[in-house]
Amino acid sequence: MFKMQPIRQEIKICGFNSIYYFEFGKDFTHTPERHNFWEMVYVDNGRINAITNGIGCTLEQGQAIFHEPMETHAHVSDRKVANNMLIISFTTDSEAMKYFKSKTFTLDKTSKTLLSLFLDEAKNALGKFPSDYEDKSALSFLPDAFGSTQLLQCYFTEFLIRLIRNGSTLSKTVCSSKKSRDIANSSLSELICEYMKAHIYSSISLKELCAHFLLGKTQLCKIFRESTLQSPMQYYMDLKIKEAKKLLREKNFSVSQISNMLGYSSVHIFSRAFKNATGLSPLSYTKTIL
């Protein structure tokens, strides 16, 4: 009698948390995040900066990076080229996954083929990909796509095994260096600036900034000052004053209305901040325009 030999599963994918394929413009960014599952980001076209725990690296077309569970990470476009990105997040507790920590990979032809097969099957399994990166709803696989999730598991497991087998030729370790820290800090500062610009008509605190970007107060202020030569809140106040001057010149709103629009708690606090920044009260500034 032949005795059955069990299959040794070096890598076991328990399930997929998200699958995205995006065709982004050159301005795509996402703020730092962390979660309790693995994530792979593959650049199918374009170029992005990947930030991992304060270390940055540039990913070119054909390259991928993995983020381990609870690792703080973000991705920022270089603002020069559009980006096509495949993002796969998945759950596994396999010890072999330690290999992917702090590494980037330049995919060979076979690895790209496996990802292409995965992508085709994902389309078959999902019907369509989520169109919004902020859409964090659970994956919904079509019930009539027989064997799709199992095929996804097979293709992706084979892809991971191949990367490990050919790691010496395909991978590069991401190390802390002045260049990598500069990439991370400038990219994070850019994200913080964009966030403040997007919230100019509200009121955000330093504490809220730290919570949103998953950074401590000292670290956030240091990173931001090194790039802008200003504190975050001074930069935010300058944005508001600049916007206030524009609104005053347009003459569509009263001083009180502008104060409310820009998130000041009272018109007196707004007027004092405006005068400290410009040397003129809002009304005096309006008269100089006239």
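This is a predicted model: local features need pLDDT of at least 70, side-chain atom pairs count only at pLDDT 80 or more; totals for chains, interfaces and linings use all residues.
Residues are numbered from 1 along each chain as its sequence is written, and side-chain values use heavy atoms, with hydrogens and water left out. Local features need pLDDT of at least 70 and side-chain atom pairs count only at pLDDT 80 or more, whereas totals for chains, interfaces and linings use all residues.

**Helix pairs**

Two packed helices are described by the angle between their axes and the distance between the axes. Helices (H or I, at least four residues) and strands (E, at least two) are DSSP runs numbered from the N terminus; axes are lines fitted to C-alpha atoms, for helices over the stretch in contact, and angles run from 0 to 180 degrees between N-to-C directions.

| Helix pair | Axes come within | Crossing angle |
|---|---|---|
| Helix 1 (residues 109-126) and helix 2 (residues 148-165) | 9 Å | roughly 165 degrees |
| Helix 7 (residues 232-250) and helix 10 (residues 282-289) | 10 Å | roughly 55 degrees |

Contact (heavy atoms within 4.5 Å) involves, among others, L114, F118 and E121 of helix 1 and L152, F156 and R162 of helix 2. By class, the residues of this contact divide into twelve nonpolar, four polar and three charged.

The axes of helix 7 and helix 10 cross at roughly 55 degrees, which makes helix 7 oblique to helix 10; the crossing is right-handed. Here K245, L248 and R249 of helix 7 meet P282, Y285, T286 and I289 of helix 10, a set with four nonpolar, one polar and two charged residues.

**K123 in helix 1**

K123 lies in helix 1 and is partly exposed, with a relative accessible area of 43%, the term covering values between buried (under 20%) and exposed (over 50%), for a 1.4 Å probe and protein chains only. Leaving aside neighbours within four places in sequence, K123 is in contact with K128 and F129.

An open sheet of four strands, paired antiparallel, has the order 2-7-4-5. Strand 2 (29-33) and strand 5 (55-60) stand at the edges with a single partner strand each, so one side of each has no neighbour in the sheet. The twist averages 20 degrees from one strand to the next. Strand 4 (residues 47-52) pairs with strand 5 over six bridges, where pairing requires at least two DSSP bridges, and N49 has T58 of strand 5 as its bridge partner. Helix 4 (residues 178-198) packs on the sheet, touching strand 2, strand 4, strand 5 and strand 7 (73-77), and its direction makes about 90 degrees with that of strand 5.

Key: Angles under 35 degrees count as roughly parallel, over 145 as roughly antiparallel, 65 to 115 as roughly perpendicular and the rest as oblique. A crossing is left-handed if the near helix is turned anticlockwise from the far one by less than a right angle, and right-handed if clockwise. Ala, Val, Leu, Ile, Met, Phe, Trp, Tyr, Cys and Pro count as nonpolar, Asp, Glu, Lys and Arg as charged, and the others, Gly among them, as polar.
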